[in-house]
Amino acid sequence: IQATPAQQQQASSPQPQASPARSSRQPTQHKFSAITPARPPPPGSPKVVATVVGAKNLPLTEKFGVCNPYVIMAIGSSFQKTTVKQGTLSPQWGETYEFPVQPAMLQGMLLTLTVEDHSAALRDEPIGQLSIPLLQLMVRKEWNGSFDLRTMKPAQASDASVSAVQLRLQYLPGNEGE
């Protein structure tokens, strides 16, 4: 069986394919918009309540510019984020979030917190991070304090101030009977 001239031309002509360069070019993905906040825990269930009060002495991530910080918090696979505070190295949030937890799992769990610098044109830059063992919270039930931030950029010799985040943490065991 022989192919007609039209079939031969169709078989020999290249098929249209997606250009790899075109398909890999997507708008810059910011961490802030990529994080979907976790749903709040059901009423009466065990939870950790975390209030991000503020931060102080945040370093600039760029030589020239301003800092637009926000906080990403995680316990296990639950994430929350604060609003972006424009143009400040000592932001105040006063924002409270709830994380569902299993009491039996708290012993090995951490609250991880990352402070990021939001950029409208470029990628968001990490400023610093910290981790808090939740076992401490089970013992205390409530924990208010200023937690030192491990900054991503080395401090300048002239800058002796420590970057820190002010948090209020609370463990609520829930109602066993509900």
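Student: How do you know that strand 2 and strand 3 pair, and in which sense?

Tutor: This is a predicted model, so every value here is computed from predicted coordinates. Strand 2 and strand 3 (residues 78-81) share 4 bridges. Pairing needs at least two bridges. Therefore they count as paired, and the sense is antiparallel. Within the pair, Ala74 stands opposite Phe79.

Student: Which residue in that hairpin takes a positive phi?

Tutor: Gly76, with a phi near 60 degrees. The hairpin has 2 residues between its strands.

Student: Which other strand pairs with strand 2, and over how many bridges?

Tutor: Strand 5 (residues 110-117), over 7 bridges in the antiparallel sense. There, Pro69 stands opposite Asp117.

Student: Why is the contact between Lys47 and Glu98 called a salt bridge?

Tutor: Check the distance. The N to O separation of the two side chains is 3.3 Å. The limit is 4 Å, between a side-chain nitrogen of Lys or Arg and a carboxyl oxygen of Asp or Glu. Therefore the pair qualifies. The structure holds 1 salt bridge.

Student: What does the Lys47 and Glu98 pair tie together?

Tutor: Lys47 lies in strand 1 and Glu98 in strand 4, so the pair links parts 51 residues apart in sequence. Strand 1 (residues 47-56) and strand 4 also pair in the antiparallel sense, over 7 bridges. In that pairing Glu98 is the bridge partner of Val49.

Student: Are Lys47 and Glu98 buried or exposed, or something in between?

Tutor: They fall into separate classes. Lys47 has 15% relative accessibility. That is under 20%, so Lys47 counts as buried. Glu98 has 28%. That lies between 20% and 50%, so Glu98 counts as partly exposed.

Student: What makes strand 4 and strand 7 edge strands?

Tutor: The sheet is open, with 4 strands in the order 4-1-9-7 and antiparallel pairing. Strand 4 (92-100) and strand 7 (142-148) each pair on one side only. The twist averages 20 degrees from one strand to the next.

Student: Which residues have the most contacts inside the largest nonpolar core?

Tutor: Met73, Leu113 and Val165, in a core of 30 residues. Elements giving two or more residues to this core include strand 2, strand 5, helix 4 (134-140) and strand 9 (164-172). In soluble globular proteins, nonpolar side chains tend to be buried together.

Student: What does Leu113 touch?

Tutor: Beyond four places away in sequence, its contacts include Val71, Ile72, Met73, Leu130, Val165 and Leu167. Gly128 and Gln129 are also among them.

Student: How many helices and strands does the protein chain have, and in what pattern?

Tutor: There are 4 helices and 9 strands. The pattern along the sequence is α-α-α-β-β-β-β-β-β-α-β-β-β. Of the 178 residues, 35% count as buried. Among contacts between residues at least 6 apart in sequence, 66% join residues at least 24 apart.

Conventions: Residues are numbered from 1 along each chain as its sequence is written. This is a predicted model: local features need pLDDT of at least 70, side-chain atom pairs count only at pLDDT 80 or more; totals for chains, interfaces and linings use all residues. Side-chain values use heavy atoms; hydrogens and water are left out. Buried means under 20% relative accessible area, exposed over 50%, partly exposed in between (1.4 Å probe, protein chains only). Contact means heavy atoms within 4.5 Å. Axes are lines fitted to C-alpha atoms, for helices over the stretch in contact, and angles run from 0 to 180 degrees between N-to-C directions. A nonpolar core is a set of buried Ala, Val, Leu, Ile, Met, Phe, Trp, Tyr and Cys residues joined through side-chain atoms within 4.5 Å.
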